[in-house]
Amino acid sequence: MEKNDSLKINLKILELQEPLRLDVRKDQEQVYRTAGAQINSAIKLYRQKFPLTPLEKILSMVLLNFAVKSLHVADEQDINPLMKELEALEANLKTYLDTGVSE
């Protein structure tokens, strides 16, 4: 990453004493800030639901939640099953057309 393309930002995660100091691309700054806001929101939500739960468990639950969401998004973007169905349809259509259907 070139110096003029990067930016140093600080992200404060609710429970951490020190903010995270990150060196990110300028065009990615808002993505990191939005991610930090989503993490903070999730921590607050879990803290409200489980007020007596230790921080380590809260952070583990937040991490697991984001990982599961990420995997669901990846599955939704997987076009391989769709491509297989299209290939099967194409083969069926080719077979149908090759049988000499007359008009």
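This is a predicted model: local features need pLDDT of at least 70, side-chain atom pairs count only at pLDDT 80 or more; totals for chains, interfaces and linings use all residues.
Trainee: In which helix is Leu 86 found?

Mentor: Leu 86 is found in helix α3. That helix covers residues 80–98, 19 residues in total. From first C-alpha to last, α3 reaches 27 Å, close to the 27 Å expected at 1.5 Å a residue.

Trainee: How many of the 19 residues of α3 are buried?

Mentor: The count is zero, and α3 is hardly covered. Ala 91, also placed in α3, is partly exposed, with a relative accessible area of 40%.

Trainee: Which residues make the nonpolar surface patch?

Mentor: Ile 79, Leu 82, Met 83, Leu 86 and Leu 89 make the patch, which has an area of about 480 Å².

Trainee: How far apart are Ala 91 and Lys 8 in sequence and in space?

Mentor: Ala 91 and Lys 8 are separated by 83 residues in sequence and by 54 Å in space, C-alpha to C-alpha.

Trainee: Is Asn 40 buried or exposed?

Mentor: Asn 40 is buried, because its relative accessible area is 14% and the cut-off for buried is under 20%. Asn 40 sits in helix α1, residues 29–49.

Trainee: What does Asn 40 touch, not counting residues up to four places away in sequence?

Mentor: On that count, Asn 40 touches Lys 12, Ile 13 and Leu 14.

Note on methods
Residues are numbered from 1 along each chain as its sequence is written. Side-chain values use heavy atoms; hydrogens and water are left out. Helices (H or I, at least four residues) and strands (E, at least two) are DSSP runs, numbered from the N terminus. The expected span of a helix is 1.5 Å times one less than its number of residues. Buried means under 20% relative accessible area, exposed over 50%, partly exposed in between (1.4 Å probe, protein chains only). Contact means heavy atoms within 4.5 Å. Patches are made of residues with over 30% relative accessible area and no salt bridge: like charges are joined within 9 Å, nonpolar side chains (Val, Leu, Ile, Met, Phe, Trp, Tyr) within 5 Å. Accessible areas come from the Shrake-Rupley method with a 1.4 Å probe; for residues, only the protein chains shown count as cover. A salt bridge is a side-chain nitrogen of Lys or Arg within 4 Å of a carboxyl oxygen of Asp or Glu.
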